[in-house]
Amino acid sequence: MTDTGWQPDLLLEAKQLCCSYGPDEVLTEVNLGIAVGDFVGIVGPSGSGKSTLLRALSGSLAPSSGQVSRRRGLSLGFVPQVDHVNWDFPVTVAQCILMASPRSGRPWTTRVERHRLAEVTERLGIAELTNRHIRALSGGQQQRMFIARALMANAKLLLLDEPTSGLDVRTRHDVLHLLQELKQDGISVVLTTHDLNGIAAHLPTLVCLNRRVVAWGPTQDVLTPQVLEETYCSPMEVLQHAGFPVVVDRPIAR
Amino acid sequence: MSQLLDPYSFQFFQNGLVVATVAGALCGFIGCYVVLRSMSSIGHGLSHAIFGGFAASSLIGINVYIGAGAWGIMAAVTIAIITRRRPVGSDAAIGVVTTASFALGLVLVQGWGSSNINAEAVLFGNVLGVSRADVAMVLGVTALTLVSVFAFYRQLLFVTFDPEVAQVSGLPVAWLDALLMVLLGAAILVTMNILGVTLIAAALVIPAVVARLLTASFPTMLMMAGAVGAIMGFVGMNVSYHLDLASGPVIVLAGAAMFVGAYGWGRLTG
């Protein structure tokens, strides 16, 4: 991590980033910058390195070469894929959210922490659920709990791994709207998604990834048949509906 | 009644009872982290590895706690080095290193051991082997564990629940992992005499599992596991004296009975 020549609105920057698991290189020479107020979706086929990129940006995965630079003092919040969470772990929603409170390691909560917990859970609409076991939450509530945990640590940049995976349409929209509200509150958001039409098409910025950055920019510029075909190695059409792009598979000619 | 209280007149039994009860609570307490992190094989393996250190330090004539402790750290580091070189997984590395260390301990004791090394006592536990120094050690390690868990409660909980996110959030995960391993190693060392290295894993796992069956709250689980471990040690010690059996197996069987009770209770109450 370096801080030299840092642009004031830049939060995170990947330069010539390469990541490998053993001999297999998963990401090749990724260059990417995340600035204040960004709301970025990372899309790509399975195995394209979306989660790997997110982990490298978060600092939990060391790159094999290249570097990720982070603004000094930046507070990051990471929301894991729900499939990777041990839902039998014996914690309540409040206990889970309070893990990230940086004030102390002691078991009890301070008045300030209780106030902050109430504020955050109220903000995310899960104030009534704080005494429940984490397994008793629905998919959307689980996402809200992890976002609350990140906010508890005053995160200024949220990294979310497949936050809408497995959610129904209504809950998916709720999560998306919540993230848009957080962005308006000054929190930058980067998420990975498989959902091109339900999520990606509604985001202002997209990164199309297939082990390398195929395209990166405003959604309208990036969601083109050429870029999608290069990313997914499959022919696709992009239609327009109610001001949003709609991606459809193009039948493969035989 | 007086027959039941007979053993309490013996100093060795008093020492053994204190160590068994406190060590039971200590293992139950630290066992919560072991079970929730799916590290049961580490607990099992580390106790076996330490036997090699016990045998070597006994033969050389150095303090057993220092020798076996250093050996345990070497075993843990060796496991970490092997695991880093894929494709050997951590469970396989634990299996190789700890069983080799255990086997080396057996060879050392059988080949070059003198009469003052009671291998059976170390393997299966022996109340006669508990000295006042052992009592002081187990009380010291328990105090250290309680202070550490109290001071780093939230960090240890975060690292146990989700190490990757904990790291992203800025917690020193490697340092906290090392702290947990040191506490685990120390708990195994001070419990070795009373439970025996072959049965320590049970003292680490059973109380935590019993507590988990009865509660879904982490702080309650910690306290409950400590209590279950203490009861297991206390009951096991008394029964082992009256039935004239090795303390380790009886303590573990007392825990197993509590597990059956908790499991049955869980089934009944849904």
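# Chain A in figures

Biologist: Of the contacts in chain A between residues at least 6 apart in sequence, what percentage join residues at least 24 apart?

Modeller: This is a predicted model, in which local features need pLDDT of at least 70 and side-chain atom pairs pLDDT 80 or more, while totals for chains, interfaces and linings use all residues. Residues are numbered from 1 along each chain, chains are lettered from A and ligands numbered from 1 in written order, and side-chain values use heavy atoms, without hydrogens or water. Contact means heavy atoms within 4.5 Å. For chain A, the share of these contacts joining residues at least 24 apart is 65%.

Biologist: Why does the radius of gyration of chain A agree with a compact globule?

Modeller: The radius is taken over C-alpha atoms, and the globule rule is 2.2 Å times the number of residues to the power 0.38. For 254 residues the rule gives a value near 18 Å, so chain A agrees with its 19 Å.

Biologist: What part of chain A is buried?

Modeller: Buried means under 20% relative accessible area, with a 1.4 Å probe and protein chains only. Chain A has 254 residues, and the buried part is 54%.

Biologist: Which residues of chain A lose the most area to chain B?

Modeller: In chain A, 30 residues are in contact with 22 residues of chain B. The two chains bury about 2300 Å² between them (accessible area lost on being put together, 1.4 Å probe, summed over both), and carbon and sulfur atoms hold 63% of that. On the chain A side, 28% of the buried area belongs together to Phe89(A), Pro90(A) and Met99(A).

Notes: Buried means under 20% relative accessible area, exposed over 50%, partly exposed in between (1.4 Å probe, protein chains only).
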